[in-house]
Amino acid sequence: MTTAATHEAVGRRIEELDTPALFVDLDALEANASMMAGACRANGIDWRPHVKASKAPELAKRLLAAGAVGVTCAKVSEAEVMADGGITDILIANEVVGATKIARLVALAGRARLCVAADDTRNLEELSAAATAAGVNLDVLVDVDVGMGRCGVTPEEAPALAQRVLDLPGLSLRGLMGYEGHVQGIRDLEEKEARSEESASMLAEAKRLVEAVGIPVECTSGGGTGNYWIASTLGALTELQAGGGVLMDQTYGLYGVPGHRQALFLEIQVISAPRLGQAIGDAGWKASGRHTGLPAVWDSDLAQLDSSIEVTGLSAEHTHLRLAEGVTLEPGQRLLLVPHYSDSTVLLHRTMYAVRNGVVEDVWPISGAGMLQ
């Protein structure tokens with residue numbers, strides 16, 4: 001069986017690999033992770049990065065080595081993949097509902113420390129019954145709606161739900177979760193700061209109300225890459241969930257994430273140059289995704305955008321490129337693309353190459369790709 005350490009790609013330059021090839025620049029990844037972990041340390045909170053973008057246990061281990069206390073996942077299947085890869089402290093920052101998922105959840109709790117979000121009494125009772133029958137314990141974060149309007153109870157409803165967690169066997173109350181997803185995409189800094197403060201105040205109020213009835217709150221978890229440098233300073237969080245910023249992408253650049261370097265790239269080849277000012281690459285939306293926008297061409301030094309070549313569209317298998325005056329490309333030439341949104345790109349691949357100075361240092365299976373449950 002071929003392992004990452006014995007993979008034929010290790011030691012080769014990225015330009016030698018078949019395309020399209022998804023890779024992460026390790027120097028940039030490590031710099032980004034250090035920045036996020038450092039922000040948490042400076043503000044006295046824990047870092048539990050979300051791995052829904054990377055989906056690779058080996059990448060998650062790099063984040064743990066950088067200072068993370070565990071990882072955050074979106075669903076049971078992702079948590080299973082992380083546990084299979086040796087990650088043992090996992091938050092599922094989502095409600096887990098239905099007999100099949102709950103059965104898998106409690107089975108997983110036998111080999112990892114698990115925490116799950118909840119906003120419904122009946123769901124808590126189902127989690128409790130399954131955990132008790134399996135002889136395991138589940139930690140719970142009461143999910144508080146801090147303005148996103150998705151899942152979560154109001155701050156005023158949090159004490160009753162927290163008390164229900166304490167009353168049920170097989171469950172332990174870890175604290176509260178309040179994810180301000182509606183803040184992430186705000187581009188105006190003053191508005192982003194104001195809305196972040198509003199969400200932090202709602203989470204702080206939920207904590208105050210829960211503690212007012214005599215229930216201690218160990219953990220308050222939330223924050224995303226789009227506002228982490230703000231959320232980590234507001235005093236409402238004890239744990240930051242932001243993780244996508246270690247990869248960086250165009251979307252997070254538009255969100256105003258400061259100081260991060262592009263770490264995720266897609267190596268492609270030109271397959272056709274049929275007419276002046278145009279070329280076609282071999283990576284369409286099946287390789288880069290199309291959730292939020294088009295990828296951009298990056299220079300070969302991984303330093304900046306190449307403004308002389310523009311991605312104008314994606315077919316299923318093709319990149320449509322417009323060339324500036326005087327620029328020509330030939331079939332077989334290599335280009336680097338930066339994805340528009342890493343979450344929409346990584347899940348389309350099964351392998352991520354870990355590259356340093358242009359050379360493949362490791363090969364990481366994207367084990368969480370395709371995990372829908």
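This is a predicted model: local features need pLDDT of at least 70, side-chain atom pairs count only at pLDDT 80 or more; totals for chains, interfaces and linings use all residues.
View 1. D139 and R174 form a salt bridge in which the closest N and O atoms lie 2.8 Å apart.

**View 2. Salt bridge between E191 and R195 in helix α8.** The closest N and O atoms of E191 and R195 are 3.7 Å apart. The two residues are separated by about one helical turn because they are four residues apart in helix α8. E191 has a relative accessibility of 38% and therefore counts as partly exposed. R195 is also partly exposed, with a relative accessible area of 28%.

**View 3. Salt bridge between R195 and E198 in helix α8.** In this pair the closest N and O atoms are 3.6 Å apart. R195 and E198 are three residues apart, about one turn of the helix. E198 is partly exposed, its relative accessible area being 46%. Elsewhere, salt bridges with shared partners join R48, D89, R113, D139, R174 and E239 into one network. The whole structure contains 24 salt bridges.

**View 4. Negative surface patch including D188.** The patch is formed by D188, E190, E193 and E197. D188 is located in the loop between α7 (181-184) and α8 (189-212). With a relative accessibility of 45%, D188 counts as partly exposed, because this class covers values between 20% and 50%.

Key:
Residues are numbered from 1 along each chain as its sequence is written. Side-chain values use heavy atoms; hydrogens and water are left out. Patches are made of residues with over 30% relative accessible area and no salt bridge: like charges are joined within 9 Å, nonpolar side chains (Val, Leu, Ile, Met, Phe, Trp, Tyr) within 5 Å. Accessible areas come from the Shrake-Rupley method with a 1.4 Å probe; for residues, only the protein chains shown count as cover. A salt bridge is a side-chain nitrogen of Lys or Arg within 4 Å of a carboxyl oxygen of Asp or Glu. Lys and Arg count as positive and Asp and Glu as negative; His and the chain ends are not counted. The place of a charge is taken as NZ of Lys, CZ of Arg, CG of Asp or CD of Glu. Buried means under 20% relative accessible area, exposed over 50%, partly exposed in between (1.4 Å probe, protein chains only).
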